[in-house]
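Hello,

Here is the structure I promised to pass on. Please open it first, then read my notes below.

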Amino acid sequence: MTPSSTTDGPARIPGQRAAVIWGTIATILVVASTIGVFLIAPEDADQGIIQRIFYFHVAIAIASLVAFAVACVAGILYLRTRSERWDDVGEASIRIGLLFSVLVVITGSIWAKASWGTWWVWSDPRLVTYLIVVLVYAAYFVLRSSAEDDRKMRYSAIYAIAGFASVPLSFYSVRVAESFVHPVVFTSSGANMPGTMLWWFVMSQVAMIALFIALLEVDLLGRRSERALRRLAMRLESA
């Protein structure tokens, strides 16, 4: 073994430890919140067991909006620094946010069908504005695929910032317009639910945020690993 081969040994990919830590935290929190929601949280007197989907539906919806907010901040930081790292954070956040959005639509439709007898109501402002948010961020990838290199990252950052304007539109729509399908759970006077339900909702929310961070760390780790492999392949070809 030569000295150079020792120095050029397998390098540690940045972010490995963070991905493991957040993956472990997210797993523990998701399992604990799932057990609490189904075995400990009180059952709603009006809706019965189907109401328990609320703990995941709302928590995932808020986590998706947090993901889009992170993408907006990453877009600002990219435009200031031109660092590829922030482009990675922005794209990964929107990808995870869209994944959460699909889960929101699925769980919401199941809850609506069981509780109100309909899968979707086009006249409900929250449903329509949230669908607009999903379509806005789905278009992000169409834009991204239409450009190359620096232009792709610059356009993506600008779009992620501009697209975030649709998030407050969805968040406040149900408060501005009267909605019979979507009741307002959190008002200016506090949470419209008993304390035992609120505790498990907060637990579910923390679990979903931790899951977002864990998925983000894993996604970023995959990108760094891919780049490290490409650099290694180039070094081997040039040796």
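One definition comes first: a residue is buried under 20% relative accessible area, exposed over 50%, and partly exposed in between, using a 1.4 Å probe and protein chains only. Arg82 has 44% relative accessibility, so Arg82 counts as partly exposed.

Now the ground rules. This is a predicted model, in which local features need pLDDT of at least 70, side-chain atom pairs count only at pLDDT 80 or more, and totals for chains, interfaces and linings use all residues. Residues are numbered from 1 along each chain as its sequence is written, and side-chain values use heavy atoms, with hydrogens and water left out.

**Overall layout**

The protein chain has eight helices and two strands. Both kinds of element are DSSP runs numbered from the N terminus: helices are H or I with at least four residues, strands are E with at least two. Along the sequence, the pattern reads α-α-α-α-α-α-α-β-β-α. Of the 239 residues in the protein chain, 39% are buried.

**Helices H4 and H8**

Start with helix H4, residues 84-116. Its axis and that of helix H8 (residues 195-238) come within 9 Å. The two axes cross at roughly 135°. Axes here are lines fitted to C-alpha atoms, for helices over the stretch in contact, and angles run from 0 to 180 degrees between N-to-C directions. Angles under 35 degrees count as roughly parallel, over 145 as roughly antiparallel, 65 to 115 as roughly perpendicular, and the rest as oblique. H4 and H8 are therefore oblique to each other.

**Salt bridges**

A salt bridge is a side-chain nitrogen of Lys or Arg within 4 Å of a carboxyl oxygen of Asp or Glu. By this rule, the count is 11 salt bridges.

Which residues pair with Glu91? Arg95 is one of them, with the closest N and O atoms 2.7 Å apart. Arg95 and Glu91 both sit in helix H4, four residues apart, which is about one turn of the helix. Is Glu91 buried or exposed? Glu91 has a relative accessible area of 10%, so Glu91 is buried. Arg95 has 39% relative accessibility and therefore counts as partly exposed.

Glu91 also forms a salt bridge with Arg144, and here the closest N and O atoms are 3.3 Å apart. Glu91 lies in helix H4 and Arg144 in helix H5 (residues 125-145), so this pair ties together parts that are 53 residues apart in sequence. Both Glu91 and Arg144 are buried.

Arg223 is another partner of Glu91, with the closest N and O atoms 2.8 Å apart. This pair links distant parts of the chain: Glu91 is in helix H4, Arg223 is in helix H8, and they are 132 residues apart. Arg223 is buried, as is Glu91.

Salt bridges that share partners make one network out of Glu84, Asp87, Asp88, Glu91, Arg95, Arg144, Asp219, Arg223 and Arg227. Asp88 is in helix H4. With a relative accessible area of 7%, Asp88 is buried. Asp88 and Arg224 are 136 residues apart in sequence, and their C-alpha atoms are 9.6 Å apart in space.

**A nonpolar patch**

Next, the surface. Leu99, Val102, Leu103, Ile106, Ile110, Trp119 and Leu215 make a nonpolar surface patch of about 620 Å². Patches are made of residues with over 30% relative accessible area and no salt bridge; like charges are joined within 9 Å, and nonpolar side chains (Val, Leu, Ile, Met, Phe, Trp, Tyr) within 5 Å. Accessible areas come from the Shrake-Rupley method with a 1.4 Å probe, and for residues only the protein chains shown count as cover.

Which helix gives the most to the patch? Helix H4 does, with five residues. Val102 is in helix H4. Val102 counts as partly exposed because its relative accessibility is 46%.

**Other places to look**

Ile25 is in helix H2 (residues 16-40).

Arg82 lies in the loop between helix H3 (53-81) and H4. Its phi is near 60°, a positive value in a residue other than glycine. Asp149, in helix H6 (residues 149-163), has a positive phi as well, near 50°. Asp149 counts as exposed because its relative accessibility is 57%.

Best wishes
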